[in-house]
Amino acid sequence: MIYLTAENMTGGYGATDILNGCSISVDRGEIAVIVGPNGAGKSTAMKAMLGMLKLRKGQITLDNRDITALSPQARVSVGIAFVPQTNNVFTGMTVEENLEMGAYLRHDHNIHQTIEEIYQLFPILGKKRRQNAGELSGGQRQQVAVGRAMMTQPSVLMLDEPTAGVSPIVMDELFDRILEVKQTGVAILMVEQNAAQALNIADKGYVLVNGTNKHTGNGEELLANPVVRRTFLGG
Amino acid sequence: MLELTDIINALVLLSNFVLIPALSYGSQLAMGALGITLVYGVLRFSNFAHGDLMAFGTMLTILLTWWLQSIGISLGAFPTALLALPFAILGAIALSLIFDKSVYQFYRNQKSSPVIFVIVSTGVMFMMNAIVRLIIGPNDQRFFDGTKFIIHPREFKDFTGLSEGLAIKSTQLLTVVITLVTVIALFWFLQKTRTGKSMRAYSDNEDLALLSGINPNKVIWITWIIVAALATTAGTLYGLDKSFKPFTYFMLLLPMFASAILGGIGNPIGAVVGGYVIAFSEVLVTYAYKKFLIYLLPEFMEPRGLAQFLSTDYKFAVSFIILVVVLLIRPTGIFKGKTIR
Ligand SMILES: Nc1ncnc2c1ncn2[C@@H]1O[C@H](COP(=O)(O)OP(=O)(O)OP(=O)(O)O)[C@@H](O)[C@H]1O
Ligand SMILES: [Mg+2]
């Protein structure tokens, strides 16, 4: 089975279901992208996969192990890392402290080595290591957020709109970094508003509407699909 | 003609009645405000029971001190209370954790709003209040022993020939020294240790802290442990310096909250600075400057009244006014704490 698999997810925040039988999966060394209109349930689907939302139906497995009942913290410790859409850094703490907190669950002595690796991936963070994350620009903050998530050395990295509010140049750079992370064998699942660019680097894409899978395919297929182009990619 | 001895006499007077008392009172407020600010930062509510937690911890110190004295143990020149303090801290920690487990945890699980928490903490306040009054009663208690003065005013006078004698009480020096050590230790803990950083992270962004695998229960327990230790230490020092009366400790809530909010609630440095600002304001405004002015002014300009801005009976008005002005002009405080909601 595919490394991280969510099947038939159904549930919501209250009485009404936001997710209606949505299925998403991603393998190691692969990038899967979720696109769709605002309010489609993209963030909700991610939260469900992370265990921050109680599902009424459905099952989530990681490496053939059922993790549906695990708490978010437990999922973090089995290798799933998450970069939330908003409030994704500790604003009152330095860049380096943000990274250290990312490694909170680790008890080995190589944490500083991982931090140096993150600085190699995101050189600007190394330069700003003593600065509070709250004082950084939007793009730099996103790098801190991704860096913090990478500190657990995860096998799955989930990103909710990592490029929201950053300039096109920074977006390209972030995507390059994400491709580098993919090369290390991490399974990457991201929600993206910049659908066309994201599908370009994606191995797999999901179009989500009203909490269900509307279209699925590899990146090029979805980009070539006229319905998808017209409704979600703006022509 | 203004003589040098007059100037020195005036300064000695000022340091006896303003500088030194405000410094030690400010230290006590600072430690109290630190506790309030930590609870606000981590548990996200204004803890109205903080004054009574101080009273409870101090009561334990007093009872233990009396017991130690009764079996003939003392610390010589130092107050016996210092020996009792660590054990009293353990008691205050136990009470805090019991209240957290039996009361606050329930509302945390309910995800109650801050307003509910404030009301709940008021309930806890009444309970602690009752416990203290049941055990030790509502009256004034003195429990100071040891050497009273570091610098004795009469000896100072004899030695210098000045007409004003500088007085530094041992409790004042102890207060300042213990506060300094405690505050440095606390800041080191928050800035440098893994656990301290996880407390700051949790206070900064709870959801992200959970996603990073930080255990919220551990953070909350450690916060109560630190808060109970700070409250008991501050209360004991205040009681040694002045005296212990449960009602006085309840009243300290106002200047302590004023300190925390003035400095920026949730911000530990702000709490310390706020404590000293409030203490100095209170003492400066309620000090009668008559004698001070007599030393400095020519005879015909001498004040007729006490030259006092506000009677000491109204000293809490100072905190109150500062509190109101800060909330109106700069609700985030000097050091940009969180806005109070
Ligand atoms: N915490 C919450 N409590 C209740 N309802 C929520 C909550 N979060 C989201 N919703 C609702 O769930 C639906 C899906 O929201 P979700 O955030 O998953 O959308 P999204 O696809 O991520 O949208 P966007 O592109 O705007 O980020 C929306 O109708 C939203 O109002
Ligand atoms: Mg979203």
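With 235 residues, chain A would have a radius of gyration near 18 Å as a compact globule, and its value of 17 Å agrees with that (taken over C-alpha atoms; the globule rule is 2.2 Å times the number of residues to the power 0.38). The model is a predicted one: local features need pLDDT of at least 70 and side-chain atom pairs count only at pLDDT 80 or more, while totals for chains, interfaces and linings use all residues. Residues are numbered from 1 along each chain as its sequence is written, with chains lettered from A and ligands numbered from 1 in the order in which they are written.

Along its principal axes, the C-alpha trace of chain A spans about 45 × 40 × 30 Å. Its secondary structure comes to 10 helices and 10 strands (DSSP runs numbered from the N terminus: helices are H or I with at least four residues, strands E with at least two).

Among the buried ones are Gln140(A), Arg141(A) and Met150(A). The cover over them includes strand 6 (80-83), helix 4 (111-121) and helix 7 (168-183) of chain A.

As for strands, strand 9 (residues 204-209) and strand 10 (residues 212-217) of chain A run antiparallel, joined by 5 bridges (strands pair if DSSP finds at least two bridges between them). Leu208(A) sits opposite Asn213(A) of strand 10. The two strands form a hairpin with 2 residues between them, and Asn210(A) in the turn has a positive phi of about 50°.

Turning to the other chain, the contact takes 13 residues from chain B and 18 residues from chain A (two residues are in contact if their C-beta atoms, placed from the backbone, lie within 7 Å). Helix 7 of chain B gives the most to the side of chain B that touches chain A, with 5 residues.

Key: A residue is buried if 20 or more other C-beta atoms lie within 10 Å of its own, exposed if 12 or fewer, and partly exposed in between; C-beta atoms are placed from the backbone.
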